[in-house]
Amino acid sequence: GIAQGTILLSSGRSARFTAEAHAIGAHVVLTDRSDEAAVAEAHAAELEKADEAISRHSTYVASLGHDLKTPLNAIIGYADMMRAGIRGPMPEPYKDYPDIIHESGQELLLMVDDLLDLAKADANRQRLDLEPVDLAASAQSVMRQLEGPAERAGVKLRLKADGEVWAEADARAVRQIWQNLVSNAIKYSSTGSAVTLEAKVEGTVTVLSVTDRGAGMSEAELASVLEPFSQGANARGRAGTGLGLTVVKRFAELHGGRIEITSKPGRGTKVSVTLPRANEADVVPLEDAAQ
């Protein structure tokens with residue numbers, strides 16, 4: 001936020017200070033109280049320059065992200081072809097490699113998507129394509145995608161939902177919310193435990209949540225874990241950028257919803273995201289078309 005106050009200089013004169021946080025640092029202005037109006041104007045000009053710098057930085061990150069996605073999609077595509085044996089079966093010593101390449105590529109693609117979405121949000125360029133989205137069906141799709149990493153970690157994935165749960169949301173954003181939350185839950189869970197995905201309706205909103213029985217976080221960690229590039233103490237030795245929960249929070253807010261985290265060290269974590277409920281009149285035509 002912004003901090004303001006008055007300090008006494010060694011010369012005996014008083015001065016006013018203003019400090020404001022920015023994504024790429026902090027902006028501090030120290031002013032002679034006799035010329036506050038002129039300095040306020042200069043301060044506004046400096047803030048405008050800082051905002052322009054942030055915008056250029058975000059645009060660069062977005063451009064870089066798109067350049068990374070092109071070869072990544074090719075890697076994942078060829079890995080899919082090898083998994084399907086389109087050009088013939090893989091030699092026995094290498095038969096597990098396509099699955100590893102595919103899953104590693106998907107994990108890296110998610111990181112790139114997180115960077116892109118965060119850069120777009122910082123530059124106010126993130127746009128949502130709102131439509132009725134079945135949270136349960138989206139969860140099932142993500143569970144299939146992350147089945148391999150979960151199996152290697154010795155973690156079971158479970159879905160708790162009473163049929164279809166329709167939200168008014170962006171389908172890609174919902175999928176990325178699920179991916180980030182489930183990936184985190186798998187990463188911090190112990191072997192033999194389970195990760196539970198839940199989708200439900202609560203009045204005028206829908207709620208999706210992911211619960212694990214893993215490492216958990218302290219109160220101090222919970223206070224900072226939603227900041228970009230921030231990870232809890234239990235993240236040491238685990239791959240990740242620290243962007244997952246930040247992106248989930250941004251997507252929730254763009255939908256007019258919110259994110260809630262409850263956690264205790266050694267007892268696991270539950271992350272819940274609220275999204276607007278879809279209009280019943282919009283859902284019926286989709287169900288009729290499916291039938």
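## Strand S10 and its partners

Let's start in the sheet: strand S8 (residues 205-212) and S10 run antiparallel and are joined by eight bridges. Strands here are DSSP runs of E with at least two residues, helices are runs of H or I with at least four, and both are numbered from the N terminus. Two strands pair if DSSP finds at least two bridges between them. Within this pairing, Thr206 has Leu275 in S10 as its bridge partner.

S10 also pairs with strand S9 (residues 258-264), again in the antiparallel sense, over seven bridges. Here Thr262 stands opposite Lys270 in S10. S9 and S10 make a hairpin with three residues between them, and Gly266 in the turn has a positive phi of about 80°.

So how much of S10 is tucked away? Seven of the nine residues of S10 (residues 268-276) are buried, so the strand is largely enclosed by the rest of the structure. Buried means under 20% relative accessible area, exposed means over 50%, and partly exposed is in between (1.4 Å probe, protein chains only).

## How the model was read

This is a predicted model: local features need pLDDT of at least 70, side-chain atom pairs count only at pLDDT 80 or more, and totals for chains, interfaces and linings use all residues. Residues are numbered from 1 along each chain as its sequence is written, and side-chain values use heavy atoms, with hydrogens and water left out.

Tyr94 sits in the loop between H1 and H2. Tyr94 is partly exposed at 43% relative accessibility, and Tyr97 is partly exposed too, at 45%.

## A buried glutamine

Over in helix H5 (residues 171-188) you'll find Gln176. Is Gln176 buried or exposed? Gln176 is buried, with a relative accessible area of 2%.

What is Gln176 in contact with, leaving aside its neighbours within four places in sequence? The residues are Leu110, Asp113, Asp114, Asp117, Val247 and Phe251, where contact means heavy atoms within 4.5 Å.
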